[in-house]
Amino acid sequence: MMSYIYFNSPPSPYYLESGFSDYEIGESHPNRHSLNLFDLIIVRNGSLHLGEEKESWLLHEGQTLILLPDRYHYSVEPVTTDTFFYWIHFQTVNDWVESEQLHYKFQTEKHQDCFNPAPYTMQIPKSMQLLYPQQAYRLVEQMNDANKQIEPKAYWQKQHAFEELLLMMDMKQTNRQTSSIVRLAEQVEHYIRNHYRQQITNQALSLIFNYHYNYITKAMKQVYGYTPSEYVLKVRLDQAKMLLLNTHLSISDIAENVGFDNAPYFSNCFAKHVGEAPSSYRKKYYE
């Protein structure tokens, strides 16, 4: 049965630190006892087999696990494929509990009034498949990037991104009907993936989805982290990489195939965003 971690709020759980780990085949997550903080694991690539006390979870891409502060955590087995995952350490000053109840209520004797309102209770699954993993990855990257900046601005950036992530994971929020902005972003993303070879203009997207382009841009940035034009370019370059490595098509044919008007412009875009020319990229992996 699924278990949940319930956090009384406010204040919300607070961010401590974050980072990432990149394991090669045969490496293992460290074993720890009573870490005294919450450890949120988010797998981006590969798989990770972790245990806590007598339970274990095999996590794949886009899946999460919250390891609790007062438990024994261990690696069930070494990774069997190259694995990349994010980790976030956090803590809370309020009551928390792990429960298999779908709707747990904290027992409190405190009188609730306008000065002491009833707290909000977050309901975070112990382990879950993220509905929007790309958005979650973007938020963790924001936390990691903020670690390189000067406090106190960095503190608020990290805490804000962390609270956005908790909002994504809170079942009281995700169980509600998907918001219109998320539905719109999904529709635009699906359209781009199916029409990236064609010319996709701001005006065309506005006509197709009957929204102002600024609103479409806001939706895409919020859910996927890209504007529509940035996402079109990303899809085209991803497809170009695949064709470079898996076909013998010429550079000009690949440029045309993925929606670029001409080969020189394609080569310039590829070099700018990938870091090397298409021919060098192909040669590196064929050697």
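**Exercise 1. How are H4 and H6 oriented to each other: roughly parallel or roughly perpendicular?**

Some ground rules before the solution. This is a predicted model, where local features need pLDDT of at least 70, side-chain atom pairs count only at pLDDT 80 or more, and totals for chains, interfaces and linings use all residues. Residues are numbered from 1 along each chain as its sequence is written, and side-chain values use heavy atoms, with hydrogens and water left out.

*Solution.* 
- Step 1: find the helices. Helices (H or I, at least four residues) and strands (E, at least two) are DSSP runs, numbered from the N terminus. Here H4 covers residues 180–195 and H6 covers residues 213–224.
- Step 2: get the geometry. The two helices pack at about 90°, with axes 8 Å apart. Axes are lines fitted to C-alpha atoms, for helices over the stretch in contact, and angles run from 0 to 180 degrees between N-to-C directions.
- Step 3: classify. Under 35 degrees is roughly parallel, over 145 roughly antiparallel, 65 to 115 roughly perpendicular, and the rest oblique. H4 and H6 are therefore roughly perpendicular.
- Step 4: look at who touches whom, with contact meaning heavy atoms within 4.5 Å. H4 brings residues including Ile-181, Leu-184 and Val-188, and H6 answers with residues including Tyr-215, Ala-219 and Val-223. By class, this contact has 12 nonpolar, two polar and three charged residues. (Ala, Val, Leu, Ile, Met, Phe, Trp, Tyr, Cys and Pro count as nonpolar, Asp, Glu, Lys and Arg as charged, and the others, Gly among them, as polar.)

**Exercise 2. Check the span of H4 and say what its buried residues pack against.**

*Solution.* 
- Step 1: the expected span is 1.5 Å times one less than the number of residues. For the 16 residues of H4 that should give 22 Å, and the end C-alpha atoms are 22 Å apart, so the two agree.
- Step 2: pick the buried residues (under 20% relative accessible area; exposed is over 50%, partly exposed in between; 1.4 Å probe, protein chains only). Among them are Val-182, Ala-185, Glu-189 and Tyr-191.
- Step 3: the buried residues of H4 pack against H5 (202–209), H6 and H7 (228–246).

**Exercise 3. Which strands pair with S9, and how covered is S9?**

*Solution.* 
- Step 1: two strands pair if DSSP finds at least two bridges between them.
- Step 2: Asp-22 has Phe-84 as its bridge partner in S9, while Asp-39 stands opposite His-89.
- Step 3: check burial. In S9 (residues 83–91), nine of nine residues are buried. In a regular strand the side chains alternate between the two faces of the sheet. Both faces of S9 are covered, with Trp-87 among the buried residues on one side and Tyr-86 among those on the other.

**Exercise 4. Where do the cis peptide bonds and positive phi values sit?**

*Solution.* 
- Step 1: Ser-9 to Pro-10 is cis, with omega about 5°, and Pro-10 to Pro-11 is cis too, with omega near -10°. Pro-10 and Pro-11 are in the loop between S1 and S2.
- Step 2: Ser-34, not a glycine, has a positive phi of about 50°. Ser-34 lies in the loop between S3 (32–33) and S4, partly exposed at 29% relative accessibility.
- Step 3: Glu-53 also has a positive phi, about 55°. Glu-53 is in the loop between S5 (48–52) and S6 (55–59) and is partly exposed at 37%.
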